[in-house]
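I opened the model and kept short notes on what I looked up.

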Amino acid sequence: MRVVLAEDLFLLRDGLVRMLEAYDFEIAAAVETGPELTRALAELKPDVAVVDVRLPPSHTDEGLQCALAARRARPGLPVLVLSQHVEQLYARELLADGNGAIGYLLKDRVFDADQFIDAVRRVAAGGTAMDPQVISQLLSRRSQDKPMGGLTPREREVMEQMAQGRSNAAIASHMVITERAVAKHTSNIFGKLGLPPSDDDNRRVLAVLAYLDRG
């Protein structure tokens, strides 16, 4: 699997390269600026891009904007964004096209290699990998704007897990309940929120994320 990596800090970039190579990823390019990222994504057509939000020369959201532009040119390009802070605007921009194959992780909340590699692989396969803090903030904002359809606390917990990209089996394991109970909660959530039911994990996640992002 070919990866384009964009990170301006040398030590972190080198560490990510070594980690990805240790898990049999091919590093197509490891760059440190926005213009370099734009060229690499256009010319190398990687299987997935791992992108720091803030890159030179602006050190604002250049990495994210380069990734979004690349997704417009190549819809569905898998992009995993790394950020120092929760920025709802960044999350909303990533979710806007509804194509999936996106991830948003906070750098200081990636606690081990397996967690990070799982996120890269999930995004590359067309799924989602969203940090729980991002989902919590989207849930909080949505709850303030409009009621959450009368969801119970348990259903909100299931919804939060679902929005992170977890399957029913993973949610059941995390919450120490049965998959049947998760399926029942999921059915209730979709019914209360007026969302179309789906057995496809990725479509289900996108439906929930799109709901959370609606104003």
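My entries follow, by topic.

**Ground rules.** I am working from a predicted model, so I kept to its limits: local features need pLDDT of at least 70, side-chain atom pairs count only at pLDDT 80 or more, and totals for chains, interfaces and linings use all residues. Residues are numbered from 1 along each chain as its sequence is written, and side-chain values use heavy atoms, with hydrogens and water left out.

**Strands β1 and β2.** I looked up how β1 (residues 2-6) pairs with β2: the two run parallel and are joined by 5 bridges. Helices (H or I, at least four residues) and strands (E, at least two) are DSSP runs, numbered from the N terminus; two strands pair if DSSP finds at least two bridges between them. For L5 I noted A30 in β2 as the bridge partner. I then recorded that β1, α1 and β2 form a right-handed β-α-β unit. Right-handed means that, with the strands pointing away from the viewer, the path from the first strand over the helix to the second runs clockwise.

**D52.** I found D52 in strand β3. The UniProt record, an unreviewed entry, annotates D52 as "modified residue: 4-aspartylphosphate"; such annotations may be inferred rather than shown by experiment, and positions are given in the numbering used here, with feature names shortened. Is D52 buried or exposed? D52 counts as buried because its relative accessibility is 5%. Buried means under 20% relative accessible area, exposed over 50%, partly exposed in between (1.4 Å probe, protein chains only). Leaving out residues up to four places away in sequence, I listed the contacts of D52 as A6, E7, D8, G63, L64, L82 and K107. Contact here means heavy atoms within 4.5 Å.

**A67.** I placed A67 in helix α3 (residues 62-73). A67 counts as buried because its relative accessibility is 1%. With residues up to four places away in sequence not counted, A67 touches L41, V51 and V79. I also checked A67 against L37: they are 30 residues apart in sequence, and their C-alpha atoms are 8.1 Å apart.

**Backbone in the loops.** D24, in the loop between α1 (10-22) and β2 (26-31), has a positive phi near 70 degrees without being a glycine. D24 is exposed, at 69% relative accessible area. K45 sits in the loop between α2 (34-44) and β3; its phi is positive, about 45 degrees, and K45 is not a glycine either. At 54% relative accessibility, K45 counts as exposed. Last, I noted a cis peptide bond from P56 to P57, with omega near 5 degrees. P57 belongs to the loop between β3 (48-52) and α3.
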